[in-house]
Amino acid sequence: MNIEQVADLLPESVQKIAELIGYPATVRLLEAFGGTTFPVGKGLRALGATRSALLRQTIGDENAALIVKTFGGEVLYLPRCDRALRELRNRRFLNEFEELRSQGSSSLMVMTALCPKYGFSDRFAWGLLAEKKAVQDNQQNFLF
């Protein structure tokens, strides 16, 4: 699963960046600088040595050059995209839950293994499963 699957939850500014440098590089950019204001100079040197190095280290020389070419002279706010990242995390959890259950593990054992991994309580996880079931039931009722 990747962030492209929740692209509709990303702000328009982040979608534009993703179209420019791709989703994997955008995720690295957000992980490193999400929630900050990032002034983009008109050239890699104009960014300032430290900021330029951080940008190149995070997304690579080619992608950094694309950011500078496209957004040079602007001040970008890079949102944290918490909503999209949480949705992605929840989908990953649900997929892994189903995979482990299909391999024969009990639901309780899966919860014991996955909740710490995903950083939430089992009560939250049971709620995710209940939401998924409700959506599936609703879809089945709609088909009939």
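Leu129 is buried, as its relative accessible area is 15%; buried means under 20% relative accessible area, exposed means over 50%, and partly exposed lies in between, using a 1.4 Å probe and protein chains only. This is a predicted model, in which local features need pLDDT of at least 70 and side-chain atom pairs count only at pLDDT 80 or more, while totals for chains, interfaces and linings use all residues. Residues are numbered from 1 along each chain as its sequence is written, and side-chain values use heavy atoms, with hydrogens and water left out.

**Overall architecture**

- The protein contains 7 helices and 2 strands; helices (H or I, at least four residues) and strands (E, at least two) are DSSP runs, numbered from the N terminus.
- Read from the N terminus, the order of these elements is α-α-β-α-α-β-α-α-α.
- The protein is more spread out than a compact globule, because its radius of gyration is 20 Å, well over the 15 Å that the globule rule gives for 144 residues. The radius of gyration is taken over C-alpha atoms, and the globule rule is 2.2 Å times the number of residues to the power 0.38.
- Along the principal axes, the C-alpha atoms of the protein fill a box of roughly 55 × 35 × 20 Å.

**Surface, burial and contacts**

- Of the 144 residues in the protein, 33% are buried.
- The protein has an accessible surface of about 9100 Å², and carbon and sulfur atoms account for 51% of it; such areas come from the Shrake-Rupley method with a 1.4 Å probe, and for residues only the protein chains shown count as cover.
- Considering contacts between residues at least 6 apart in sequence, 66% join residues at least 24 apart. Contact means heavy atoms within 4.5 Å.

- In soluble globular proteins, nonpolar side chains tend to be buried together.

**Residues in helix H3**

- Apart from residues up to four places away in sequence, Ile59 touches Ile21, Ala25, Arg28, Leu29, Ala64 and Ile67.
- Thr58 is placed in helix H3 and counts as buried, because its relative accessibility is 16%.
- Beyond its neighbours within four places in sequence, Thr58 contacts Arg28, Leu29, Ala32 and Phe33.

**Leu129 in helix H7**

- Leu129 lies in helix H7 (residues 122-143). With its neighbours within four places in sequence left aside, Leu129 is in contact with Leu94, Phe97 and Met111.
- Leu129 and Asn63 are separated by 66 residues in sequence and by 39 Å in space, C-alpha to C-alpha.

- Cys81 is located in the loop between S2 and H5, and with a relative accessible area of 8% it is buried.
- The phi angle of Cys81 is near 60 degrees, a positive value in a residue other than glycine.
- Asp82 belongs to helix H5 and counts as partly exposed, because its relative accessibility is 31%.
- From Asp82 to Gly104 there are 22 residues in sequence and 33 Å in space, C-alpha to C-alpha.
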